[in-house]
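Reader: Before I set up any calculation on this chain and its ligand, could we go through what the coordinates and the record say, one point at a time?

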Amino acid sequence: MSPMNTTRAYGWAARAFHWTVAVLILAALGLGLYADNLPRGDESALQAIFAAFSIHKTAGVAVLIIASARILWTLSQIRPRPLHPERRLETLLAETVHWALWIGMIIMPLSGWLLHSAAPGGFSRILWPFGQRLPLVPEDAALAEGFARFHEAGWWVLAALIALHVAGALKHVLIDRDHTLARMAGNPDRLPDPPEHHMSPGLQHLLAACAAVAIWGGVAALTGQGEAETRPEPAATAAQPAAASGWAVQQGTLDIQVKQGGNDVAGQFGQWQAAIDYAPETQTGRVEVTIDIASLTLGSVTGTATGPDFLNAGAHPTASFKAEILPPATDGQPHLARGTLTIAGKSIQADLPFDLVLEGETAKAKGKMQVDRRDFGIGAGYADESTVGFAVAISFDLTATLQK
Ligand code: HEM
Ligand code: HEM
């Protein structure tokens, strides 16, 4: 059998590419879902998740490389003539699915690798001796989250395309009883030469290509929109019109304190935003704080703290606290922010007492609360307190001014 395609059938090179990429894509899909659904828990569970993701990523990168070579090879080849050019709609559908599969076999592993490259902190490695991160991709939690959304929606689309493609192949075998599958899997010498047809396939190709681009463009647009919706607006942006009772943070610190090996270790988040509504008359309001996990510095263990064993900034780039501000029980007592604290994707109800001093249009607030890392599944592999304590103190101190 020749490596080259003929008008009758695919050559062995195209076949080898087709079936290798098909097996690797199915493996990557299966491994991604398997890894994502493994039970979380202790250290050995975490290691199993890491190993599965490493194999997933390695299979995915292999898809990217082999599919790129396959595209170059295909560009140098003629294509076997369509067997039923007169069935225009069917041919258009098959072509659209082929185009969308071409895009998918590049864009899916690429989005995975971009996600892997942008994720701050630790990650499970691609099993090869070359570099891990793609060049020019900044380590940025929000960016990684955007790529993750695309990757997590994209696999559904890719799986649906494969299902359509396989259904088409089966239809040819079972209903049409023609040679379509044999051209990709059977002996080419025994295949008849399809009839010459005189319709220009140009428009058909163009339509199919546009439809395929629209499918993946739709995924990108939908997952990109999610980003715009879920990202909180920064409270302190000058251009943003503030509500009458809105307060903008001028300066502040957000600290945590934990015990490591029995010693206190203090850290600070460099990036966080707070949207504050507060009415001095009623002493009530609302606050929404969003914290960039990757911006934490915690002495020499910063990387470990933001890595997958603990806060896992790659999978959960932000933490948040959304709370109602309640007035002091009696004068001179602290206010209370009562609401939902979400860290590492897990939420608990939390009370944060804080002292507030108002001086005209400036407010100074500071408060502290204690949480248990086990409530968030953080450091699940460190089941006792010998290495890292369970209690984590979270404290803040800020100055805000009333927005006009
Ligand atoms: C799972 C991943 C798969 C991907 C990404 C994929 C992708 C593709 C692409 C892009 C083509 C067009 C090739 C070209 O024009 O050079 C093609 C052709 C073909 N594929 Fe697949 N395929 C996959 C799985 C399968 C499976 C499981 C079957 C069989 C059940 C199959 C059967 C075929 C056949 C018969 C053709 C030739 C169609 C024709 O002659 O028009 N494919 N595939
Ligand atoms: C054909 C290639 C690929 C396919 C079909 C694929 C498919 C998947 C699937 C199905 C999941 C589980 C998603 C979920 O349950 O929501 C997943 C997750 C993931 N994949 Fe891939 N993947 C591919 C390539 C890659 C590559 C090359 C990398 C990195 C180098 C990668 C990195 C990841 C990561 C980090 C996750 C976890 C995402 C998260 O939930 O935060 N993938 N992938």
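Reader: Where does UniProt place the feature "transmembrane region"?

Author: The model is a predicted one, and the annotation comes from an unreviewed UniProt entry. That record places the feature "transmembrane region" at residues 12–35, 55–75, 96–115 and 153–174.

Reader: Over residues 12–35, how far apart are the end C-alpha atoms?

Author: The chain over residues 12–35 is 100% helix and 0% strand. Residues 55–75 are likewise 100% helix and 0% strand, with end C-alpha atoms 30 Å apart. For residues 12–35, the distance between the end C-alpha atoms is 34 Å.

Reader: Which side chain has an N or O atom 3.0 Å from an oxygen atom of ligand 1?

Author: Among the residues that come nearest to ligand 1 are Tyr-10, Arg-79 and Arg-183, and a polar contact requires N or O atoms within 3.5 Å. For Tyr-10, a side-chain N or O atom is 3.4 Å from an oxygen atom of the ligand, while for Arg-183 the corresponding distance is 3.2 Å. The side chain with the 3.0 Å distance is that of Arg-79.

Reader: Which element gives the most to the shell around ligand 1?

Author: The elements that give two or more residues to this shell are α1 (12–37), α2 (43–75), α3 (88–118), α4 (141–176) and α5 (180–185). With five residues, the element that gives the most is α1.

Reader: How many residues of the shell around ligand 1 are nonpolar?

Author: There are 20 residues around ligand 1, with His-18 and His-165 also among those that come nearest. By class, the shell has three charged and five polar residues, and the number of nonpolar ones is twelve.

Definitions and conventions. Residues are numbered from 1 along each chain as its sequence is written. Chains are lettered from A and ligands numbered from 1 in the order in which they are written. This is a predicted model: local features need pLDDT of at least 70, side-chain atom pairs count only at pLDDT 80 or more; totals for chains, interfaces and linings use all residues. Side-chain values use heavy atoms; hydrogens and water are left out. A residue is near a molecule or strand if one of its heavy atoms lies within 4 Å of it. A polar contact is a pair of N or O atoms within 3.5 Å; within protein, one must be able to donate a hydrogen and the other to accept it, and residues adjacent in sequence count only if both atoms are side-chain atoms. Helices (H or I, at least four residues) and strands (E, at least two) are DSSP runs, numbered from the N terminus. Ala, Val, Leu, Ile, Met, Phe, Trp, Tyr, Cys and Pro count as nonpolar, Asp, Glu, Lys and Arg as charged, and the others, Gly among them, as polar. UniProt positions are given in the numbering used here, feature names are shortened, and annotations may be inferred rather than shown by experiment.
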